Amino acid sequence: MRQFWPYIKTQQGLFALAGFALITKVLSRLIAPWPLKLIFDFVLVPDAHNAELDWPLLRDMSSQTLLLVLAFAIVATAALRAMSAYVSLVGLSIAASRVVTEVRADLYAHLQRLSLSFYHKTKSGDLITRITSDMDTLRSTTVNAALPLVVDTLTLISMVVVMFWIDWELALIAMGILPLFLISSIKLTKRIKKVSRQQRKRESAMAATAAEAIGAIKVVQALSLEGRLEKIFGDDNRQSLEDSAQTQQLSAGLQRTAEILVAIATAFVLWRGALIVQQGGATPGDLLVFITYLKTAFKPTRDLAKEAAKISKAIASGERILDLFDVVPAVQNNHGAIAALPFKGEVAFNNVYFAYESNRMILEDVSFEVSAGERIALVGPSGGGKSTLVSLLLRLYDPLLGQVCIDGKDIRDYTIESVRQQVSIVLQESVLFGATVRENIAYGALNATEKEIEQAAKLANAHDFIMQLPHGYDTLMSERGATLSGGQRQRIAIARAAIRKARIVILDEPTVGLDNKSEKSVNEALRRLTEGSTTFLITHDLRASKNFDRLFYIEKGRIIESGTHTDLMHQSGHYAALYQLQTAMISDRLKQAAAPI
Ligand code: ATP
């Protein structure tokens, strides 16, 4: 409640209206049995007791008129109850929906700002479950289970007060069952809550498995992993069913206990009440009111049993949502960070150390300076730390020690957004969003004009093939751009990078997996993209990096050789050995290709 309070406060008016309607509903429940009592005591058996009708207006009526008035009162009370129930339900539903909408929007915004280190540890399916179904559970339970429970609890308290006022002895007998009920309900609710939480976790795991499999359906089908994934999904599904059956069983058990306890209390009250009525201590109508109150007042106890599972599930959902809100982004704007001015493009790493996990250093004492417009190629064995190095430049992570500087200033002194906006990136497998080609390119710079989009596409060698698509720039891309070839996808991604007109460009193996023709076209586009910009190219193909201004040979998190291709070849070190090996392999392959089968 404390954490959701700021959201609830924005709907104060609606909650107040719903609250007022709730109190009216409780009052109408309190009034409900009284017309019947009056009919009993003053119309049906007026001589059975010596009571006088206290209200002067009713006292002077004939019994026929009194009967008519009381019959009308029954209808009026029911109408009041129906109306107040309607207002409270609708008011609360709208207010709760608005609260959930706001919480969900904030949760989504929060999620998008969490650091990559968080996403490496979390399954996307689980996150999606939290933002969709956990939110819905919370909303529907607030309206359908928590609201009735509040009404019932208020009813219980007010009826107990009236019961003590009518006859304290009978009230005490009726209340006798309360401790018994509390003990059994606390015990069972605890177990229900535990199982519900487990079930929620399991549902999340199912969503995660499904999301993972659907996201990589090509690999799943190619490796024939369907059976194995079905088993993982099926196990969770079965166990979730068992959990669900267990909560239902526990909840039904609690409901039955409540019913029996209420029946015992009713029997005692009837037995003792009848004696009191016979002795003239109360009227039959009083006993009627009492028994009706007893039944109504203990409704919450039965409801609590019925709703315990739902409420426990909602509490588990609420906890999962709050857990997410509690995650603090590892990379945040520093206090006093300023928006960076347009970069010139000078980059420096000063004694940078970095680790994903505390026990394994990935970058160690990395230092270099790159002047504006210089073209740097990062080469070396797989796992050496090349991609990690460039992700520090984008502030996807912060170094453990040392500084990453752009234009002579630590990038942590700039706001994250202003740094990322001025760096373009093309990855090995470019992601296209489920939007039009035009929108996909414009994602690079959201305020780009039509003309700029087309210019970027032309620069990226993409304009011609885009024009041949069924709807040109308005063609809708499917998820992951599956309708385009690898080279075409890559060229749209280059257009997206180009539209930023960034002074710093990162290319992470952008031509891997492309055939010669596509590679040529993509390389041409990349050359235009990087013209005049500080460029970092990660590549395993040493032919691609040969003409770069400088090459950094990175191994085990350190830059162990740096210089031009000619410098490094003269050094006859790791780079030279790798280059010779690659050249030999290529000429071998060419010879094999030329040989007859
Ligand atoms: P490649 O050429 O294969 O792309 P690379 O030189 O770019 O490799 P990185 O991707 O930077 O290397 O990885 C460097 C090391 O960091 C590897 O040993 C890798 O296992 C580890 N690593 C990368 N990402 C993570 C992560 N999110 N969590 C933990 N370790 C990681």
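The model is predicted, so local features are reported only at pLDDT of at least 70 and side-chain atom pairs only at pLDDT 80 or more, while totals for chains, interfaces and linings use all residues. Residues are numbered from 1 along each chain as its sequence is written, and side-chain values use heavy atoms, with hydrogens and water left out.

For S382, the distance from a side-chain N or O atom to a ligand oxygen is 2.5 Å. A polar side-chain atom of H540 is 2.8 Å from a ligand oxygen, and for R360 the corresponding distance is 3.4 Å. On its own the ligand has 640 Å² of accessible area, and the protein covers 71% of this (Shrake-Rupley method, 1.4 Å probe).

Helices (H or I, at least four residues) and strands (E, at least two) are DSSP runs numbered from the N terminus. Helix 14 is mostly covered, as 7 of its 8 residues are buried, namely K386, T388, L389, V390, S391, L392 and L393. Buried means under 20% relative accessible area, exposed over 50%, and partly exposed in between (1.4 Å probe, protein chains only). After helix 14 comes R395, with a positive phi near 55°.

Helix 17 (residues 450-459) has I453, A456 and A457 as its buried residues. These lie on the same side of helix 17 because they cover an arc of only 100° around the axis, the arc being that of the directions from the helix axis to the C-beta atoms. An α-helix has 3.6 residues a turn, so residues three or four places apart point the same way. The cover over the buried residues of helix 17 includes helix 16 (437-442), helix 18 (463-468) and helix 19 (486-498). N461 follows helix 17 and has a positive phi, near 60°.

Q422 sits in the loop between helix 15 (416-420) and strand 6 (423-426), and it counts as buried because its relative accessible area is 15%. Leaving aside residues up to four places away in sequence, Q422 touches A340, L341, P342, F343, A502, R503 and I504, where contact means heavy atoms within 4.5 Å. Q422 and F343 are 79 residues apart in sequence, yet their C-alpha atoms are 7.1 Å apart. A polar atom of the Q422 side chain also lies 3.4 Å from the backbone oxygen of S418.

S158, in helix 7 (residues 124-166), is buried because its relative accessibility is 19%. With residues up to four places away in sequence not counted, S158 touches V26 and L30. I31 belongs to helix 2 (residues 12-31) and, at 41% relative accessibility, counts as partly exposed.

Terms used:
A polar contact is a pair of N or O atoms within 3.5 Å; within protein, one must be able to donate a hydrogen and the other to accept it, and residues adjacent in sequence count only if both atoms are side-chain atoms.
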